[in-house]
Amino acid sequence: MHPWFSTPPGRYLLQWEQECFDQAVANLFGYHGVQLGLPLLEGLRTNRMPHRWLVGTRSEPVPGEDAFAAPALVAQSSALPFAAGSLDLVLLPHALETSIDPHATLREVERVLMPEGRVIICGLNPVSFWGLKERRARLARRFGLGRHYLPGEVDFIGYWRLRDWLRLLSFEVESVQFGCWRPAVRSQRWLDRHAWLDRAGDRWWPIFGAAYFVVAVKRVYGMRLLEPAWKRVSVRAAASPASVASRGPVTPPSSRF
């Protein structure tokens, strides 16, 4: 996706996502935070956790990567080199869309997050003007026509589908927002002309934004063990003779004869 983010719509989307991350992570506390992929975006720059890492998702160099933030390490998104329950925050900027197995990536994030830890996910919304244009472009590409509007290697994951995945892994969606309602054009000039749609779209058709931004919390609910019923019965049975003995000797009834 890196070359696409140098295009006018890519820069527009990246700016919106950077603002969302800056606001979302500023007041999140803990000790360990990780951003998985997309070095172009500084998702943890406003966070104050003492340990913050950028994890690259592939080992081969990316063209022009000298201008990016250098990853602290490179790992597979489905096999992170962190202990279970060791992270407070994980950022996934388009990591699920570009993963070979997004289910395995999300399960791995659930494993490394500690209880009440947060995962923040941003992705492209297939139910948007951008998504519809890309679907039409992909259909045309089968016949050798047209060109992609969005990155061709991206596998769309809609918000409702993502929400179901999170629920299955005991995540609770804390907040969700949509953004980027400008039309699917390639020119910076035409994007600027339609800047007013960002305000109108947020008010009138929010779920049709080109991208979504989700904050979810890992919930681990405790259990209360119940004692077997036979234990309670045995305790009451053992207490009965003692209660009788405490009343003193029993006087036998007087004889009638």
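Q: Which residues of helix α2 (residues 102-112) are buried?
A: Buried means under 20% relative accessible area, exposed over 50%, and partly exposed in between, with a 1.4 Å probe and protein chains only. In α2, Pro102, Ala104, Thr105, Leu106, Glu108, Val109 and Val112 are buried. The model is predicted: local features need pLDDT of at least 70, side-chain atom pairs count only at pLDDT 80 or more, and totals for chains, interfaces and linings use all residues. Residues are numbered from 1 along each chain as its sequence is written, and side-chain values use heavy atoms, with hydrogens and water left out.

Q: What covers the buried residues of α2?
A: Contact means heavy atoms within 4.5 Å. The cover includes the strands β1 (32-36), β4 (87-93) and β5 (113-124), together with helix α4 (159-168).

Q: How many helices and strands does the chain have?
A: Helices (H or I, at least four residues) and strands (E, at least two) are DSSP runs, numbered from the N terminus. The chain has seven helices and seven strands, in the order α-β-β-β-β-α-β-α-α-β-α-α-β-α from the N terminus.

Q: What share of the residues of the chain is buried?
A: Of its 257 residues, 42% are buried. Among contacts with a separation of 6 or more, 68% join residues 24 or more positions apart.

Q: Where is Ile207 placed, and is Ile207 buried or partly exposed?
A: Ile207 lies in the loop between α6 (196-204) and β7 (211-218). Its relative accessible area is 41%, so Ile207 counts as partly exposed.
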